[in-house]
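Please look at the sequence and the structure shown here. The paragraphs that follow lead through helix packing and then through a pocket.

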Amino acid sequence: MNTNIKYSFLLICLSASLSLFSQSARQIYIDTYDVVAMREMKQYKIPASITLAQGILESGNGLSKLASKSNNHFGIKCHDWKGAKVYHDDDRKNECFRKYKHADESFRDHSVFLTTRSRYASLFDLKEDDYKGWARGLQKAGYATSNTYAKLLIRIIEDNDLHQYDEKVLNGTEDWLSGTVVMVSSNKIKYVQLDEDQSLENIANEFEIKMDKLLSYNDLRWDDKVSAKAKIYIQPKKGKGAAKTYKVKSGDTMYKISQEMGIKLASLYAKNNMTVGEQPNAGKVLLLRSGFLNMF
């Protein structure tokens, strides 16, 4: 095969692979956060299509550094923020952005941000399904510096049929609320919060996971009791954490830390040369990843 032809063929294959990966990542993002966006629309009157489109665009389908490391899906800068912060190059070098513990907190803050800033007030005079008006209004109000921001949002909405989620909220039924909301931990693992009227068996049945696997994912035994609002992983936890270390707080146990950080309990013990069953003292710094010296 001619070298130039072979090179062109490889570029075409690479481009096709990247396109398929991007489409897959986008669909995963939509499937993960569609109910979250609809819940926000129901409470704050912001079109779910707009919320999803902004999240997709601002976070690069949830894969950007700001989203993956800091759970900031909407590129919201610090402003008068009193919570955790992270510094990231944007319009200017080393700008301050808001940092969240979980992605769903970013969605809620996005809703609060738009409803409490006077420059976005006129958007709430629009119909809730007027995604084009919302997209243009966001650009006019200066949400982003790009002069094609509105066109990009509208294209994302129409290419992915995101306006269907606006219709679901506005049609008067709440069938979309019946499913358990799936969230994604800082360690990129899907989980749900156990409601007061749910059991582990309910979760296993809803997500078609064998009970022994669900227990294994969460380092649980058959006779363990799980409290309401507990974080229940529906995928296996990882052998390492997203962060390098974790500083133990009062009341923490090794199990609680493993669930919070999405790391297997056995791995957490092994990384810290601790005996299974041993509990850390408040203030101790635990290793979540290998290769880092515990200098504390």
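At what angle do α5 and α6 pack, and how far apart are their axes? In this predicted model, the angle between α5 and α6 is about 150 degrees and their axes lie 8 Å apart. Because angles over 145 degrees count as roughly antiparallel, α5 is roughly antiparallel to α6. The crossing of α5 past α6 is right-handed. On the α5 side, the contact is made by Tyr131, Lys132, Ala135, Arg136, Leu138 and Gln139. These meet Tyr149, Ala150, Leu153, Ile154, Ile157 and Glu158 of α6. By class, the contact of α5 with α6 has 8 nonpolar, 1 polar and 3 charged residues.

A further helix, α2, packs against α6 as well. Helix α2 covers residues 48–59 and helix α6 covers residues 149–159. Their axes are 9 Å apart, at an angle of about 110 degrees. Angles of 65 to 115 degrees count as roughly perpendicular, and α2 and α6 are therefore roughly perpendicular to each other. Here too the crossing, of α2 past α6, is right-handed. From α2 the contact takes Ser49, Ile50, Ala53, Gln54, Ile56, Leu57 and Glu58, and from α6 it takes Tyr149, Leu152, Leu153, Ile156 and Ile157. The residues of this contact comprise 9 nonpolar, 2 polar and 1 charged.

The remaining pair is α2 with α5. Helix α5 spans residues 131–141, and its axis comes within 9 Å of that of α2, with a crossing angle of roughly 45 degrees. That angle makes α2 oblique to α5. The crossing of α2 past α5 is right-handed. Ser49, Ile50 and Gln54 of α2 meet Tyr131, Trp134, Ala135 and Leu138 of α5. This contact holds 5 nonpolar and 2 polar residues, and no charged ones. Ser49, Ile50 and Gln54 also belong to the contact of α2 with α6.

The largest pocket is lined by 30 residues, and the closest to its centre are Lys69, Lys99, Ser186, Ala243 and Met261. Two or more lining residues come from each of α3 (65–70), β1 (85–88) and α10 (254–261). Helix α3 gives the largest share of the lining, 5 residues. By class, the lining of the largest pocket has 10 nonpolar, 8 polar and 12 charged residues.

Definitions and conventions
Residues are numbered from 1 along each chain as its sequence is written. This is a predicted model: local features need pLDDT of at least 70, side-chain atom pairs count only at pLDDT 80 or more; totals for chains, interfaces and linings use all residues. Side-chain values use heavy atoms; hydrogens and water are left out. Axes are lines fitted to C-alpha atoms, for helices over the stretch in contact, and angles run from 0 to 180 degrees between N-to-C directions. Helices (H or I, at least four residues) and strands (E, at least two) are DSSP runs, numbered from the N terminus. Angles under 35 degrees count as roughly parallel, over 145 as roughly antiparallel, 65 to 115 as roughly perpendicular and the rest as oblique. A crossing is left-handed if the near helix is turned anticlockwise from the far one by less than a right angle, and right-handed if clockwise. Contact means heavy atoms within 4.5 Å. Ala, Val, Leu, Ile, Met, Phe, Trp, Tyr, Cys and Pro count as nonpolar, Asp, Glu, Lys and Arg as charged, and the others, Gly among them, as polar. On a 1 Å grid over the protein atoms alone, a cavity is a set of points where a 1.4 Å probe fits but cannot get out, and a pocket is an open set with protein on both sides within 12 Å along at least five of seven lines; lining residues have an atom within 4 Å of a point.
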